[in-house]
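I wanted to look up how two neighbouring elements pack, and what sits between them.

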Amino acid sequence: MPLTMHPSIAVHPGDWVRTEIIDAHGVGIGEAAMLMRVSRQSLSTLLNGRSDLSSTMAIRLEKVFGVRADTLIRMQADWDIHQARTHQDEIEVERAYA
């Protein structure tokens with residue numbers, strides 16, 4: 001069953017993966033990176049919210065930890081739109097249709 005997030009509780013998927021997957025399994029970042037065959041730095045950057053979750057990384061997480069890649073990608077999309085909405089007043093457009 002897919003995870004659906006309310007916009008008021010949007011969280012970067014890296015933070016969620018760190019607390020709910022990596023830490024919950026008692027695995028260190030270095031070990032998780034090795035299992036996923038990515039650099040420790042790239043995983044750490046994601047887990048600390050300094051990079052977005054890619055589809056490839058989502059699939060790696062799915063293969064290693066069993067969390068569905070499409071759920072993680074939806075979390076990333078929810079986070080992205082939440083971030084955009086915090087700055088929506090700065091987005092200027094001309095309305096073409098009522």
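I started with handedness: α2 passes α3 in a right-handed crossing. I am reading all of this from a predicted model.

Next I looked up the residues that make this contact. From α2 I noted Ile-29, Gly-30, Ala-32, Ala-33 and Met-36, and from α3 Arg-40, Leu-43, Ser-44 and Leu-47.

Then the geometry. I found that the axes of α2 (residues 29-36) and α3 (residues 40-47) come within 9 Å and cross at roughly 115°. Angles of 65 to 115 degrees count as roughly perpendicular, and I therefore logged α2 and α3 as roughly perpendicular to each other.

Which residues of α2 are buried? I listed Ala-32, Ala-33 and Met-36. They span an arc of only 100° around the axis, so they sit on the same side of α2. For what covers these buried residues, my list includes α1 (13-22), α3 and α4 (55-65).

Last, I checked what comes after α2. Arg-37 follows the helix, in the loop between α2 and α3. I noted its positive phi of about 60°, although Arg-37 is not a glycine.

Is Arg-37 buried or exposed? I looked up its relative accessibility, which is 73%. The cut-off for exposed is over 50%, so Arg-37 goes down as exposed.

Conventions. Residues are numbered from 1 along each chain as its sequence is written. This is a predicted model: local features need pLDDT of at least 70, side-chain atom pairs count only at pLDDT 80 or more; totals for chains, interfaces and linings use all residues. Side-chain values use heavy atoms; hydrogens and water are left out. Axes are lines fitted to C-alpha atoms, for helices over the stretch in contact, and angles run from 0 to 180 degrees between N-to-C directions. Helices (H or I, at least four residues) and strands (E, at least two) are DSSP runs, numbered from the N terminus. Angles under 35 degrees count as roughly parallel, over 145 as roughly antiparallel, 65 to 115 as roughly perpendicular and the rest as oblique. A crossing is left-handed if the near helix is turned anticlockwise from the far one by less than a right angle, and right-handed if clockwise. Contact means heavy atoms within 4.5 Å. Buried means under 20% relative accessible area, exposed over 50%, partly exposed in between (1.4 Å probe, protein chains only). The arc is that of the directions from the helix axis to the C-beta atoms.
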